[in-house]
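Hi everyone, thanks for coming. Let me put the structure up on the screen, and then we can walk through a few places in it together.

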Amino acid sequence: MFVNTPPPGRQHFARYDSLDEKAKSGLFSKIIDGMPASTMFSKFKGGSANIPQNPWDTNPICQQFEIGKQSASAGPEMVWKIHDAMKKSDGRECSVFLFEKKIAEKLHKPRRKETVTELLRASIKQLERSRHPKMLTVIHPVEECADTLAFATEPVYASLANILAYQEVGTIGPVAGPPSTGASQPSHPPIITRPYHAKEYNFLDIEFKYGLLQLTEALTYLHYTGHMIHRNICPASIFVTKKGTWKLGGLEYIERVNETDVANSITCQPWSSRISKMAQPNLDFTAPETQTQSTCSIMSDMFSMGMVICAIFNRGRPLIQANNSSSSYVKQLDTLETAVHNILPRIPVPLQEATTRLLSKDPTARPTSQLLQLIKYFIDPGVNALKFLDVINMKDPTQKAHFYKITLREALPYIPRKLWWQHIWPSLSNEMKSAEVLAAVLQPVLAIVQDATHQEYETIILPALRGVLSAPKSIQATVTLLENLHIVLEKSVTEEMRLDILPLLFTSFDSNTIQVQGAALVAIANVHEIIDEASLRVTVLPKIKAVYEKNALDSKIVGNVMTCIERILDKLDRQQVLDDILPLLADVRLTEPDLVLRIVNVYRKLLSDRKYGLSIQVMATHIMPSLMPQTVNPALNLEQYLVLHEVLQEMLDQIDRHQRNKLKLDNLSIPSPERHRPLRHQYSQDNMHVPPFNIPNLRIDQRKTSSAEDMARKNSTGSGMLGGWWFGSPSSPDSNFLRVANAFPNRRLSDNTLMTPKIRIAPSCASSPGGTPGGGLPTRRHSSIGPQERRGSAINLSPPTTYGFTTRLGTGSSLSVPSSTSGFVGGSMPNTSSSVPFLLTSSMQSIRSRRTSACMSSGPFGSGSGSILQQLGSGMNGNGGVYWIIDC
């Protein structure tokens, strides 16, 4: 029995309190009067100097750490006060855990006070020995003085109990959905004030997923490597670091298990009201077998894990709220199954089955920590990346490089931006100081830069990136930075770009490494719009030419040079294009299809605007001769060939337009009438009058004849009037080539319409093909006329009947020639399938419409029927073409 007796000295204060005000004043005056002033002030001064301002001032840990304000609390009954701190030696951020021994004085029994202190001291030492990424990391061992215990850890944001307390208090009152627990609820919920150190924190789904996985891995380490049972898995033993990771601590009540069979149960102490609650595990999360059978095993920790899962998804409220009463615990344990059933809808579906099994009263039905890690709920690319990032310091450089370059880069879209800055960036910024993996680390860094806001870039990323830009780097790191320089420049302001980034770009051209030079060319192609024109003309273009001259045989470098030139053409003046660009393009050896295509793209851009000064002479004498052989390059695919053909066609079209215009101007400068003589028939307005038997200025010169004509010439006398008229003189210089010059001075433009000749066969031509023995002239149409088009003609194209003709057929044409053999009467000129040439005179229809009566006079070759045929000449070119000259 405890007697509430006042401590020594309290009786004197009771007497003083019983005095009236006058007596108190007199007593105080006597004390003051009897004490010298120096003594009085020295006592006041000495007393104030001996009183520490902070509880930790007397602890030796203050010599190595700057301790700030309290930020959280943890441990049994939240006895650990967590303070933000900084290590004095290196400025490293950390947290200091502080336990004030006076907190245990309310236990009144010195033995109990020492028991709590011993438990806490032992837990720190055990935590220090438990080196695992999922266990809370101790960076300074426990320091003790008469008033406090203290130790330092990695930076801690809060305990899970602090965060859940904020959520629990924030939802006081009726809760929608299923009831939180199976226990009976009071009719009037108590008014609960939020704890002073309750911390607001909104978890993301991936944080719950990854946090629970971390706890499971920590339990796997304790159970199967450390051979220990934690016995106090609860929110007060779980810590959320400032990186966002969940760490397990609170090793005050661990129990050792058999190393050969860790699944065996051991005897343990159940929760009892006779022992201070500071010295016992949290009853609300204790396994049933521990409380009812005084046994525990590694499966007891798995039950506690299930209770933590339910508290997390139940807004911080545990399913059992025993309020430190063992009898209340037993009562609520009977309704646990119903409470679990009610809470399941709030738990993610992939986690529901595991939670139900974890909270089974039968320990053998619960999954082990090793099995729990394999459930579908934890299979997530973002979780896997975060999991590897936590143990990155334990990996070798090769594994780190692969993770940063591939795994993390691909997983970033699955990780919320909140975790980028909270969990990922601290690791990346630390690794950027290592030149060994800098090239790989830059891959996810640049991906984050691309999606970061300008404020995030300036406040978080730029300080770390500025050191990378100015420090020596490996070749691969420089290449990576240059190839992605446009991402950095988009976020940078002008001054930063000039001072930090552009010098790196310009000096890269002077590197002796071909990889760096190629990356610099790629960077110019990407950032040319950001660089001012003066820098491009004065600095960049000469450096590009220098790189080309050094690596003219490297097709990849030359291709990058062509890409740069294509991008910066708009900012170059005309003289630079003529003096620098065109000679460089002409010097390139076209070896690969990709290189051909890049050069063609440069030429296409030069063709697009006259400001570049690409002349017709340069196209005709330099560019097209170099590109034409590539049209038969078998390495070109269809798309590449079409691009090449399009550019060549454009060049040819420009040359054609230029030459046509030039020749027209030259033609206009010829003196008249010679200038109009060749085309006089195109401008004639009057019908011409042709003498009956003489075609003025008609000259028929010999040309290369066909086989049919040669045969006819051999069989002809060569001296007859018709033969000489038909074939011309064999001694003429241009034999059998028809030329009409200044023949029709009065011809109109409308008479130039080319009409297909129609042939009527005279009555004397009955023996000829198509002839008719009857009266009238049957109509024969030329082979080039459609089958439905027939036109009449009053012209007799038959030779004079007094001469004998034989019909000989040549390839592609029909030709009537004079024959030396007599006996044949009549004849005709067969049709030809060849096209009528441009040398034809006005159409037969025009002549017939205008001069029908004037053409009926008889002539020397007439047959008495008034034939209007004056001359008929035909010849065959080398390809079988037939030329007709018909005049009336």
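Let's start at Leu505. If we set aside its neighbours within four places in sequence, Leu505 is in contact with Leu482, Leu485, Ala520, Ala523, Ile524, Val527 and Ile531. Please keep in mind that this is a predicted model.

So which core are we looking at? Leu505 is among the residues with the most contacts inside the largest nonpolar core, along with Leu212, Trp246, Ile424 and Leu606. That core has 181 residues. Which helix gives it the largest share? That would be α8, residues 298-313, which supplies eleven residues. As general background, nonpolar side chains in soluble globular proteins tend to be buried together.

Now, over to a loop. Ser360 sits between α11 (349-358) and α12 (369-372). What does the side chain of Ser360 reach? The backbone nitrogen of Asp362, at 3.3 Å. Leaving out residues up to four places away in sequence, Ser360 also touches Phe303, Ala365 and Arg366.

Finally, let's zoom out to the whole chain. You can count 31 helices and 20 strands in it. Of its 888 residues, 47% count as buried. Taking contacts between residues at least 6 apart in sequence, 70% join residues at least 24 apart. As for the surface, the chain exposes about 45000 Å², and carbon and sulfur atoms supply 53% of that.

Terms used: Residues numbered from 1 in each chain as written. Predicted model: local features only at pLDDT ≥ 70, side-chain atom pairs only at ≥ 80, totals over all residues. Heavy atoms only, no water. Core = buried A, V, L, I, M, F, W, Y, C linked by side-chain atoms within 4.5 Å. Buried < 20%, exposed > 50% of the residue type's maximum accessible area, 1.4 Å probe, protein only. Helix = DSSP H or I, 4+ residues; strand = E, 2+ residues; numbered from the N terminus. Contact = heavy atoms within 4.5 Å. Polar contact = N/O pair within 3.5 Å; in protein donor to acceptor, adjacent residues only side chain to side chain. Areas by Shrake-Rupley, 256 points an atom, 1.4 Å probe, with all protein chains shown as cover.
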